[in-house]
Amino acid sequence: MYVKEIRSLKNGEESSNNTASMAAKHPTIPLLTPYKMGNFNLSHRIVLAPLTRQRSFNNVPQPHAILHYSQRTTEGGLLIAEATGVSDTAQGYPNTPGIWTKEQIEAWKPIVDAVHAKCGIFFCQIWHVGRVSNREFQPNGKAPISCTDKPVLPQIRANGTDVAEFATPRRLRTDEIPHVVNDFRIAARNAMEAGFDGVEIHGAHGYLIDQFMKDEVNDRTDQYGGSLENRCRFALEVVEAVVNEIGADKVGIRLSPYANYCQAGDSNPGALGLYMAESLNRYGILYCHMVEPRMKTVGERVECPHSLLPMRKAFNGTFIVAGGYDREEGNKAVADTYSDLVAYGRVFLANPDLPKRFELDAPLNKYNRDTFYTTDPVIGYTDYPFLESTT
């Protein structure tokens, strides 16, 4: 019933339905050319990046998400859902969704159904924040878990004014780590039960998997610390568990080797990214989604001399790039075979019909950072205008 309701809720929403013919009409625009990603036939190369929205009250996805994702769905388009917690210890922000309970699984179903009703392809990004948390988000007020007991230092939030403070984490014992790996496995299974087409493992931006991989954070002396191989062990164990549960053809991973989000940097990010790209080939996963070196911290991009090209060449599956791309840069990335697909975040948020606007080279709505993380179910979430309603 949700699908019928949402189609009458937004003026211009149906305009995105005609995107299926883009490739035939504009074969010279690289972003709008079709692409076969494993078993999925994509009609274009523009991906909705995972965007934390903090509108899932009590960690349960809400009906207003049906419209949000449906608005950004095109036939044969790939969408990656916002970061979704794998367990009750995975949360670090208010009102972020989870997928570890039956209630959460059921709440995701109508959202997934709405995307599928418009013939979109929908992956669920599964995450654990690790030490980027506080006791208020943890069961029974316990300390958040991590590879370390070093806390994240207080930092200015994305709004540029508020200061975020974090609890001192508890270092996971070696024998506890398999249990966390299993949380990712179960979350992947739950995502498939909810109807998602696959999962993206969140291994980026200073969260738990990234904490294990980066030598600025990981100070362990067991088999999960020290050498590059040991630091990447946890990430690859998660990949293996998820692949064994749902199949490699339904698994992607997001990595940000060059980033320093939440004080999770590495002394040799190029080597880290290359090692992971090569190691992922052993599992035959569907895609690797990497964040550009220029996106080192929260905020706008900075120019840098590094490139993801070595990782792109090393990885055998579909390669997705993200990191402040515009239309011209996205077209160039595809044309130069630097990447197969390009993920757009803030600009896709502000332009629910982004593929159509790129097709026509139409003006773009500006995003409003002040409404990124409000709890309002409409403002900054489903109220950005479509092209037809702005003319």
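**A strand and its surroundings**

Four bridges join E6 to E11, and these two strands run parallel. Two strands count as paired if DSSP finds at least two bridges between them, while helices (H or I, at least four residues) and strands (E, at least two) are DSSP runs numbered from the N terminus. The model is predicted, with local features needing pLDDT of at least 70 and side-chain atom pairs counting only at pLDDT 80 or more, whereas totals for chains, interfaces and linings use all residues. Residues are numbered from 1 along each chain as its sequence is written, and side-chain values use heavy atoms, with hydrogens and water left out.

User: Which residue of E11 is the bridge partner of Ile126?

Analyst: The strands E6 and E11 run parallel and are joined by four bridges. In E11, the bridge partner of Ile126 is Ile201.

User: How many bridges join E11 to strand E12, and which residue of E12 is the bridge partner of Gly203?

Analyst: Strand E12 covers residues 251-255 and runs parallel to E11, with five bridges joining the two. Within E12, the residue that partners Gly203 is Leu255.

User: Are the faces of E11 covered or open, and how many of its residues are buried?

Analyst: Buried means under 20% relative accessible area, exposed means over 50%, and partly exposed lies in between (1.4 Å probe, protein chains only). On one side of E11 the buried residues are Gly198, Glu200 and His202, and on the other they are Val199, Ile201 and Gly203, so that both faces are covered. The number of buried residues in E11 is six of six.

User: What is the relative accessible area of Gly198, and which residues does Gly198 touch?

Analyst: Gly198 is found in strand E11. Its relative accessible area is 0%, and Gly198 therefore counts as buried. Contact means heavy atoms within 4.5 Å, and, not counting residues up to four places away in sequence, Gly198 touches Phe122, Phe123, Cys124, Met192 and Lys250.

User: Why does the distance between the ends of helix H5 agree with its number of residues?

Analyst: The expected span of a helix is 1.5 Å times one less than its number of residues. Helix H5 has 17 residues, 177-193, and should therefore span 24 Å. The C-alpha atoms at its ends agree with this, being apart by 25 Å.

User: Which elements do the buried residues of H5 pack against?

Analyst: The buried residues of H5 include Ile177, Val180, Phe184 and Asn190. Together, the buried residues of this helix pack against helix H4, strand E6, strand E7, strand E11, helix H6 and helix H8.

User: Where is Ser256 found, and how far is the backbone nitrogen of His205 from a polar atom of its side chain?

Analyst: Ser256 is found in the loop between E12 and helix H9, and it is buried, with a relative accessible area of 1%. Among the residues that Ser256 touches are Gly203, His205 and Asp210. A polar contact is a pair of N or O atoms within 3.5 Å, where within protein one must be able to donate a hydrogen and the other to accept it, and residues adjacent in sequence count only if both atoms are side-chain atoms. The distance from the backbone nitrogen of His205 to a polar atom of the Ser256 side chain is 2.9 Å.
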